[in-house]
Amino acid sequence: MLKGKHIILGITGSIAAYKSAVLCRLLVGAGAEVRVVMTSLAKEFITPLTMATLSQHPILVDFFNPENGEWNSHVKLGEWADLYLIAPATANTMAKMATGVADNLLLTTYLSARCPVAVAPAMDLDMYAHVATQRNMESLRRDGVHIIEPGSGFLASGLQGKGRMAEPADIVKAVEELFSEKKKSLEGKHYLVTAGATIEAIDPVRFISNHSSGKMGYAVAEALAQRGARVTLISGRTALDCPKGVERVDVLSAEDMYNACCERFEESDGAVMCAAVADYTPATVADQKLKKGDGDMSIALKRTHDIAATLGQRKGNRLLVGFAMETENEQSNAEGKLKRKNFDFIVLNSLRREGAGFRGDTNVVTLIDAESREELPLMSKRDVAEHIVDKMEHLLK
Ligand code: C5P
């Protein structure tokens, strides 16, 4: 599968760079043509001679050769490549990639590359788990960069945890997958995704809402679209950009979201209900701004439609995935909702767990269906989305 493929192998300054030699060998062995770009720190971890010998080409570090002034064109290199694989990718390099910093050849090549880009992060567990690193990785994902997840185990620091660069053979597998059409596994399917908070007007100025950022729903929409599904994202208020290839329908109130979902559910293959929908809305909306008086005031509220439960009744063979955010009796409440709303599975997130819930870029969830439960560790919302879509695909089979 890699025969004749042009791969730029970027190496940054991490102890895991010693594995890049084996990685290069495996790629060349599989028939790929490999050009190596290194940062200057990477040269301290693995020698240019080793990498030049294994890739059968001189390695590139600087913008030009100081001996003869020959220019190393990152633009040409970027055009030449079918894939830019950065392995190992340090926290520093990923941060620069995420913000477009271009202070070395490896980074200018990234900005010039027209091909798919994959990174295999390598760092200490705390650096990897740090919110800044996770944020940068999330941002790279949104930019379409493929992240080859690091493994867990002994780290060079002596600590144990997640951050070890994936093994060379696993990286080659991930590269092969990128070149294969596997990623389009949901071609021909159409899913609705609800996301964000609804806005329930009290008067022309005030409203009732909640803290949902919409990040989880947007991540699910993006993951589905990347696998080739047609996605209609029915979105309450968020500050997020619509993921690439996704059709967004903006709504405000629970009633609007209900109508938008009901209109489209019939012709869809299912829905993932990530939105934080208001359960109650003001019984009447004042035409004019309500004036304050001396005393207290109360607002009469009426129930909104339960969108998920309505779709659950009309589900037929479609897939329906729900969310539960619980603060107590988590498991039993989630299981109750699974049955009541006729979900195929439910994603339970607990506000009690650090790194889970509103606004953040990470989540801690448990996937629960009628037969099983799968507890996932702390991970980015984008990775949670991949697990959700994996489970949907599994149920489709
Ligand atoms: O009952 P609860 O609000 O906890 O259920 C959460 C699940 O139901 C989520 O998937 C949420 O998107 C969905 N839901 C809905 N319409 C509502 C309330 C919740 O679709 N009115």
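A residue is buried when its relative accessible area is under 20%, exposed when over 50%, and partly exposed in between (1.4 Å probe, protein chains only). By that scale Arg 230 is partly exposed, with a relative accessible area of 45%.

This is a predicted model, where local features need pLDDT of at least 70 and side-chain atom pairs count only at pLDDT 80 or more, while totals for chains, interfaces and linings use all residues. Residues are numbered from 1 along each chain as its sequence is written, and side-chain values use heavy atoms, with hydrogens and water left out.

Start with the charged side chains. A salt bridge is a side-chain nitrogen of Lys or Arg within 4 Å of a carboxyl oxygen of Asp or Glu. The structure holds 25 of them.

Arg 230 takes part in one. Its partner is Glu 247, at 3.8 Å from N to O. The two sit in distant parts of the chain, 17 residues apart: Arg 230 in strand S11 (residues 230-235) and Glu 247 in strand S12 (residues 247-250). Helices (H or I, at least four residues) and strands (E, at least two) are DSSP runs, numbered from the N terminus. Glu 247 is partly exposed too, at 36%.

Now look at Glu 222 and Arg 382. Their side chains meet in a salt bridge of 2.6 Å, N to O. Glu 222 lies in helix H10 (residues 215-226) and Arg 382 in helix H14 (residues 381-396), so the bridge ties together parts that are 160 residues apart in sequence. Glu 222 is buried, at 5%. Arg 382 is buried as well, at 2%.

Asp 203 and Arg 206 form another bridge, with the closest N and O atoms 2.5 Å apart. Asp 203 is buried at 3%, but Arg 206 is partly exposed at 35%. Elsewhere, salt bridges link Glu 138, Arg 141, Arg 142, Glu 149, Lys 162 and Asp 383 in a network.

Next come the nonpolar side chains. In soluble globular proteins, these tend to be buried together. A nonpolar core is a set of buried Ala, Val, Leu, Ile, Met, Phe, Trp, Tyr and Cys residues joined through side-chain atoms within 4.5 Å. The largest one here has 33 residues, and those touching the most other members include Val 220, Leu 224 and Met 392. H10 gives the most to this core, with 8 residues. Met 392 is in contact (heavy atoms within 4.5 Å) with residues including Tyr 191, Leu 224 and Phe 345. A second, separate core has 32 residues, among them Leu 23 and Ile 148.

Note on methods
Lists of a residue's contacts leave out its neighbours within four places in sequence.
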